[in-house]
Amino acid sequence: ISASDPSARVQRPRLAAQTRSMQQVIVVGGGLAGLSAAHTVLEHGIKVVVIDKNAFFGGNSTKATSGINGALTRAQRNLKIQDSPEIFTEDTMKGGASRPDLVRVLCEESAPAVDWITDAFGVDLSLVSRLGGHSMPRTHRGKERFPGMTITYGLMEKLESVAESGDGRARIMLKTKVTKLLKDKDGNVCGCECVAADGKVFQEHGPVIIATGGFGADFAEDSLLTKHRPDLAALPTTNGDHCTGDGLKMSAAVGADLVDLEWVQVHPTGLVHPGEPDAKVKFLAAEALRGVGGVLLDMEGNRFCNELGRRDYVTSMMWKSKGVKLGGTTGFFLCLNGKASQEIAWHCKHYKGRGIMKSYKNMEEFAKEYKIPLANIDATFKEYNALAEKQAKDPEGGPYEAYGGGKSWDKWGKKFYSNLPLEVSDAFHVAIVTPVIHYCMGGLSINGDGECLTAAQTVIGGLYGAGEAAGGIHGNNRLGGNSLLDCVVYGRVCGRSAARFLTAQNIKYIESMNAGSSVASKL
């Protein structure tokens, strides 16, 4: 066909338009899930655009304070920790999950995910600890700063570098809100409509990965939180004000099914600022603080739970116990001795700088401030030390059922102890903590490839869900350290799936164009 042939002039714009519309993957949300997806798309040789309504990337991911889980990682092997994906899967299912297919992907891909962060982005994840609900130490963090911050910044900075190189592989759109998803004649999602900061409305085309987080700060009357958990609406939250369920709502509008929306996790240790105890948004006390040996005390200086139990369990025990009243908030004391404070020194320094943790030369100072009998605290500590000694000498001889299986000498079921002994003469870091809305287990119904599903369990082509926006992975309770892992694992899964979908769609288009050319030549 010559350049002057009318058929050539008709076909070329069609090819150009189709190529332009399917030459990129769109990622909505610039937290860890979105960034993991974007980098994975780039690794597959495909262009990506990341859109975020905020002025900067990070979302809630940068606030994650405990670490990222992984089973059979290089760091674990170096520390001779005999973990496995199978043990991790069992813990996660026992912790509240109900979808073995999704959990299997999460746990089997955990070590590759953790090692990818270390190898591809140079993030230190060499420290490994045990959080509540885990039978093995598998929560990874570095020596400085919060792990959510270091991991997310590592991916963020590298993506910004690619975008700034000007080679066209990656684009970043901040202060840009995606308002609706677009579908083609076959029912596949083929792009989205956006509103820029200046009010300009425009479209981007390509398969879409929804990584917009949950709805833990959606307090409007028509919010998903108000609709599904009105009983929690009065609680404070750790979520930024961007967590309003946008991605879930726009996906539902094109037929995506939403699952488990009633399962909203209340975290037991939101930090109470003495100067503003009733603030709606609170900073989170890392679960790692209890993982390194922090103990929880009530207003009378007594323990009231297994500090390493599930988050919903610890929260329920707080609601049954007598705490300290600050304003309209009831709080409890999270206490770390000198050894525990040293092991997690960066966190303690950061919290003290924010005015939400205080150091004491000894527990007598603390007891005087809150008018708690020092003798009560001393008795609690001595009993705790004795329980730990019994547990070490006779792990299976205790009279109580241990959380996670086995036997315990502690009436609350604790069997793992760290940084002993507890002594009232020791220096302590103490924070006041209270239950807070933290994480939405519910979200988009997905399969193991991250593809969004309808209520009839059919795949919506070109639409994927990752991170907190995806539902069904954690069931009714998420274990600590699984949120960052979820972001990385399913971000990577969605990136791979979207890249494959785009490639397959382009192959189909080229084949259809070749078939059309063949017919035209015969005519």
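Modeller: Lysine 94 and glutamate 90 are four residues apart in helix α4 (residues 85-94), so about one helical turn separates them. Helices here are DSSP runs of H or I with at least four residues, strands are E runs of at least two, and both are numbered from the N terminus. Bear in mind that this is a predicted model: local features need pLDDT of at least 70, side-chain atom pairs count only at pLDDT 80 or more, and totals for chains, interfaces and linings use all residues. Residues are numbered from 1 along each chain as its sequence is written, and side-chain values use heavy atoms, leaving out hydrogens and water.

Colleague: OK, and what does lysine 94 form with glutamate 90?

Modeller: A salt bridge, with the closest N and O atoms 4.0 Å apart. The term means a side-chain nitrogen of Lys or Arg within 4 Å of a carboxyl oxygen of Asp or Glu.

Colleague: How many salt bridges does the count come to?

Modeller: 24. Among them, aspartate 231 and arginine 229 meet at 2.8 Å, N to O. Glutamate 364 also pairs with lysine 368, at 3.8 Å between the closest N and O atoms. Those two are four residues apart in helix α14 (residues 363-370), about one turn. Lysine 368 is exposed at 61%, while glutamate 364 is partly exposed at 40%.

Colleague: Which residues of α14 are buried, then?

Modeller: Met363, Phe366, Ala367 and Tyr370. Looking down the axis of α14, its buried residues fall within an arc of 100 degrees, so they line one face of the helix. The arc is taken from the directions from the helix axis to the C-beta atoms.

Colleague: And what covers the buried residues of α14?

Modeller: The cover includes β14 (324-326), β15 (329-336), β16 (358-360), α15 (374-393) and β19 (428-440). Contact there means heavy atoms within 4.5 Å.

Colleague: Last one: how many aromatic pairs does a search of the whole structure find?

Modeller: Twelve. Rings of Phe, Tyr and Trp (its six-membered ring) pair if their centres lie within 6.5 Å; planes under 30 degrees apart are stacked, over 60 edge-to-face, and the rest tilted. One of the pairs is phenylalanine 146 with phenylalanine 283: the centres are 5.9 Å apart and the planes at 40 degrees, so the pair is tilted. Those two are 137 residues apart in the chain, and phenylalanine 146 is buried at 1%. Tyrosine 384 and tyrosine 417 make an edge-to-face pair, 5.1 Å centre to centre with 70 degrees between the planes.

Colleague: Are tyrosine 384 and tyrosine 417 buried or exposed?

Modeller: Both are buried.

Conventions: Buried < 20%, exposed > 50% of the residue type's maximum accessible area, 1.4 Å probe, protein only.
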